[in-house]
Amino acid sequence: MSSQLYIGQVMHQRFFPMEYKFKYQVFNLKIDVDEIANEVNSVRWLSLNRFNLVSIHHKDYGSRSEQSWRAWFEEMASNYGITQSIKRIELVCMPRYLGFVFNPLAMWYGYDENNQLIAVIAEVSNTFGQWHHYVLTNAGEPFISKISATAEKVFHVSPFLNMDCRYKFAIQQPKKTYQVGIYETENGKSVLNAIQVGKAQILNNKNLLSAILKLPFNTLKVMVLIHWWALKIWLKGGKFHKTPRHLQKVKHSHTEMNLC
């Protein structure tokens, strides 16, 4: 099976104006977008575009429209300089649990005919129903195994973080392990580190059911923790930043990451 299950954790560490650090366990799926429709038939507790204990829906990721994942990814990669065909596309995300889903970060990976990684898209979502794609390509040249990239912060995520920030992304190709780090700075000073890691397991009935029993409210827990920590920050005197006026009616946007 091309798709996999990742068991791991998310860590957030804030440095100023107040300090905090927390971790929580999560499980993600790595989906081969061309194979998942057939693969779900062998996993009882997993469905595609219909209700199950765990499910994946096309409308939760990518363009979140009727456009297929492959068509959307190829179009996005082409907009940022990819001219060759994309052989394989993978999505690493948290699936729906009992119909509920929220992904602060989902990651897309595109591979060429030689199975080399040539395009990466970081899909960032906020709790206001908006999402943004940070797109990284290398003029069609393959990436090395570890990728460092930067991007201007152009998407409003947390109301307790300023928009005048930059991101540094540390990305590894998802194989036996999965790891993504986002390091946010303001005027060169570290503000927030967010790191997600996981170890791969075969996506089958036994492993998926084990993950569900261990982490039964996987995606709901993420939403609860986001609001819980927002409340704690507010009680500690954190400054609230409204969504900038020019972004309030923007449902979706995309910009480029740059290698560094």
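Trainee: How many bridges join S4 to S6, and do the two strands run parallel or antiparallel?

Mentor: Strands (E, at least two residues) are DSSP runs, numbered from the N terminus, and two strands pair if DSSP finds at least two bridges between them. Here S4 and S6 are joined by two bridges and run antiparallel. Across from valine 54 stands tyrosine 97 of S6. Note that this is a predicted model: local features need pLDDT of at least 70, side-chain atom pairs count only at pLDDT 80 or more, and totals for chains, interfaces and linings use all residues. Residues are numbered from 1 along each chain as its sequence is written, and side-chain values use heavy atoms, with hydrogens and water left out.

Trainee: What is the strand order of the open sheet of three strands?

Mentor: The order is S3-S4-S6, with mixed pairing. S3 and S6 (96–97) are the edge strands, each pairing on one side only.

Trainee: Where does asparagine 49 lie?

Mentor: Asparagine 49 is in the loop between strand S3 (46–48) and strand S4 (54–56). Its phi is positive, about 65°, although the residue is not a glycine.

Trainee: Is asparagine 187 buried or exposed?

Mentor: The cut-offs are these: buried means under 20% relative accessible area, exposed over 50%, and partly exposed in between (1.4 Å probe, protein chains only). Asparagine 187 has 70% relative accessibility, so it counts as exposed. This residue is in the loop between S12 and strand S13 (189–202), and has a positive phi of about 55° without being a glycine. Asparagine 49, at 37%, is partly exposed.

Trainee: How many salt bridges does a search of the whole structure find?

Mentor: Side chains of opposite charge can pair when their charged atoms come close. The test for a salt bridge is a side-chain nitrogen of Lys or Arg within 4 Å of a carboxyl oxygen of Asp or Glu. The search of the whole structure gives eight. One of them joins arginine 166 to glutamate 152, at 2.3 Å from N to O.

Trainee: Why does the pair of arginine 166 and glutamate 152 tie together parts of the sequence?

Mentor: Arginine 166 belongs to strand S11 (residues 166–172) and glutamate 152 to strand S10 (residues 146–152), so the pair links parts that are 14 residues apart in sequence. Arginine 166 is partly exposed, at 33% relative accessibility, and glutamate 152 is partly exposed at 46%.

Trainee: Which residue forms a salt bridge with glutamate 184?

Mentor: Lysine 153 does, with the closest N and O atoms 3.0 Å apart. Glutamate 184 is in strand S12 (residues 177–186) and lysine 153 in the loop between S10 and S11, so this pair ties together parts 31 residues apart in sequence. Glutamate 184 is buried, with a relative accessible area of 4%, and lysine 153 is buried at 6%. Elsewhere, salt bridges with shared partners join Lys30, Arg88 and Glu90 into one network.

Trainee: Which residues form the nonpolar patch on the surface?

Mentor: Patches are made of residues with over 30% relative accessible area and no salt bridge: like charges are joined within 9 Å, nonpolar side chains (Val, Leu, Ile, Met, Phe, Trp, Tyr) within 5 Å. Accessible areas come from the Shrake-Rupley method with a 1.4 Å probe; for residues, only the protein chains shown count as cover. This patch consists of Phe100, Phe217, Leu220 and Val224, which together have about 350 Å² of accessible area. Leucine 220 is partly exposed, at 36% relative accessibility.

Methods:
Helix = DSSP H or I, 4+ residues; strand = E, 2+ residues; numbered from the N terminus.
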